[in-house]
Structure formats: C-alpha cells, structure tokens
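My entries follow in the order I made them.

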Amino acid sequence: MNDTVGIVIVSHSKDIAKGTADMVRQMVGAEVRVAFCGGNADGGLGTNVPSIIEAIDSAWSSKGVAVLVDLGGAETNSEMAVEMLQPDRKNLVVVCNAPIVEGAVMAATEAAGGSSLDQVRAVAEELSAG
Amino acid sequence: MSLQPETLKALVRAAAERVIASASELTALDQAIGDGDHGANMKRGFEAVLGKLDAIGAQPLDEALKTLGKTLVMTVGGAAGPLYGSFFMAAGDALSRSKRLPEDLAEVFGSGVNAVSARGRSQPGEKTMLDVLFPVLEVLKAEAGRPDLIERVRAAASEATARTVPMQATKGRASFLGARSIGHVDPGARSSCVLLHAVCNTLEARP
C-alpha cells in the first residue's frame, strides 16, 4: 500500500495553520496530504469542531491521520472531533502531543517515508519528550 | 418525571437566554484570566440552540440532551464547546441507559460531570467549571427528595462560583498566569452557575 499518513494542523490562528502547512509542503513535498484549519466560526481566533472534522476528511488516508495542535482548546476540540468521526475512522486518528510547527514537519517527514501512524506520532512526540 | 415538551422548551430557552444575556460579563471574566472569548463563544452556541428549540422540545429528554450537547460541540468552539457538549451528551446517554428522573437525577448529572472531568482531564480545585459542577452534584446526592432541593442547588452554585476567586488555576489558559489567576471568578464556573440558576428558576416557576 503506497498511501501515506495524512497530516492535519489545527491552530487558533488560520494564518499560523496555513503557514505551518506551507512549511510542511515546501520541506516535505506534495506526497503527504496536509490539511489545516484555524479560527472560530465568526472568523476570529479560536478552533471549532466542524472545521477540524472537515480537515481530517480532506487529509484522509487509509493509514490514518496525525493531528498537530497549538494550545489547549485546539487539543480539546480536536479530541472531540475525533470522537465524532465514523466508528471505523476514530481509531485511525491521533492528536499528537508535540509542538505544532516542528511536530508537523517531523510528522510529515516520517509519513512521507511510508511509516505507520504510530511511528509518525512517535517521531512528532519525541520533540516533547526532551 | 416525564418532562412535557413545553417545560423542556422553557428550560432550554431560559438557559440559552440567560447565557446570551451574560455574554459580556463572561467575556470580561475571561479577559481577566483567559483569552476573552468565553462570552462570545457561549452566545454563539446558545443562539444555535435557540434556533433548534422546536426540534429539541419535540424529542424525548435523553435525545434532547444529546442534541443540545452536539449543537454546543459544533458551534461554541474553544474548550467550552467540547466541555459543555460532553456534559449534555453524557447526561443524555445516561438517561438512555434506562435511568429515570427524578429518582436518578444525581446519577444522570454525575455522568455529565464525569464526562467534563474526563474531557478536560481536570479535577475539582483547579479553578474550572468543575468547581461548580462537583459541589452541585454533592447536593443532588445528599439532598435528593428534599422539598427545598432547588433552593439548595441554586445556593450551592452561587457559593461554589465565589469559591473560585481565591483559587489558582492549574488547567486551561488561566494556568499560564500562575498566581496572577488568583482573585478572579473563573469564567467557566460562572457560566455553569448561570445555566444552573436558569434551570432552577424555571423549574420553580413551573412546578
């Protein structure tokens, strides 16, 4: 199977989310599906569950999706979004405990090599371990 | 207690209207120790709830609670959406598992409180909405069946909200402030208090 783990970037700021996705695309290339979202329903700073679900759907891969988040609410909303996915998809999405920019680049680099979701998550989360 | 559709609608409408009316107060509290979006987020969510009022009122109570929770999850944003959403969805799930009101009220409410605790990975004492929800749960457990239960719940919610003032936040954005979070009412505790008071006041007016 040639599919690679998808990457979703969730920030309170759409600009940060987009900038992070741009960095991933430039540094890792186009073989990894990257989606991003940021901002609340009114266009202000924040995160919201429907946008996160949409981003997960658009980065979907049979190998799963790794989600990178910035601050607290982004994590809580991402976990909630995962729970609201179809039952067969829930277990194929992880929210990584990693810094958003470095985590996204490291996760995408690992994903590009064809690694599993667990491996992608582990590489991103090593950044928080030190 | 089989809740009449009109009573259910009155409860949801009162809760929504009180939260919407409190939006600027909640925002001011959140500006002091959070990111200042709690009022606007809650207002957006409960406006969406008002938009679904007829549909919610037409459902059995367990399904109505789940719809309410899901609506909040999808519209509030911020951490409050998943937290309040989880509360109502878990309470609805508990009712679906053949729990009955009013005799199982503490258990149903407790399911909601536990869901908030799990979703936020938080415990009482960390300056959050749990510091209101847990004391109210204790009242529901200890005082079930008393004729003045509504009054006791209302008082417990107010007192518990005031007790968040000297607490130092260790969860959420307020925890970044460390000791500077001391001296302010927690916005999530306050919004929980507003919701509980709205429910108490409505039940009292419609026995």
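I looked up which residues of helix α8(B) meet helix α9(B) in this predicted model. From α8(B) they are B:D131, B:V132, B:P135, B:V136, B:V139 and B:E143. From α9(B) they are B:L149, B:R152, B:V153, B:A156, B:A157, B:A160 and B:T161. I counted two residues as in contact if their C-beta atoms, placed from the backbone, lie within 7 Å. Helices (H or I, at least four residues) and strands (E, at least two) are DSSP runs, numbered from the N terminus.

Residues are numbered from 1 along each chain as its sequence is written, and chains are lettered from A and ligands numbered from 1 in the order in which they are written. As the model is predicted, local features need pLDDT of at least 70 and side-chain atom pairs count only at pLDDT 80 or more, while totals for chains, interfaces and linings use all residues.

Next I checked the geometry of this pair. Helix α8 (residues 130–143) and helix α9 (residues 149–162) of chain B pack at about 155 degrees, with axes 9 Å apart. Axes are lines fitted to C-alpha atoms, for helices over the stretch in contact, and angles run from 0 to 180 degrees between N-to-C directions. α8(B) and α9(B) are therefore roughly antiparallel (under 35 degrees is roughly parallel, over 145 roughly antiparallel, 65 to 115 roughly perpendicular, the rest oblique).

I then turned to helix α1 (residues 5–21) and helix α10 (residues 187–205) of chain B. Their axes come within 8 Å and cross at roughly 140 degrees.

B:P5 lies in helix α1 of chain B. Is B:P5 buried or partly exposed? I noted 15 C-beta neighbours inside 10 Å, so B:P5 counts as partly exposed (buried needs 20 or more other C-beta atoms within 10 Å, exposed 12 or fewer, partly exposed lies in between; C-beta atoms are placed from the backbone). Leaving out residues up to four places away in sequence, B:P5 touches B:G57 and B:A58. The C-alpha atoms of B:P5 and B:A58 are 6.1 Å apart, although 53 residues separate them along the chain.

In chain A I looked at strand β2 (residues 34–38). Here 5 of the 5 residues are buried, so the strand is largely enclosed by the rest of the structure. A:V34, A:F36 and A:G38 are on one side, A:A35 and A:C37 on the other.

Strand β1 (residues 6–11) of chain A pairs with β2(A) in the parallel sense over 5 bridges (pairing takes at least two DSSP bridges). A:C37 in β2(A) is the bridge partner of A:V10.
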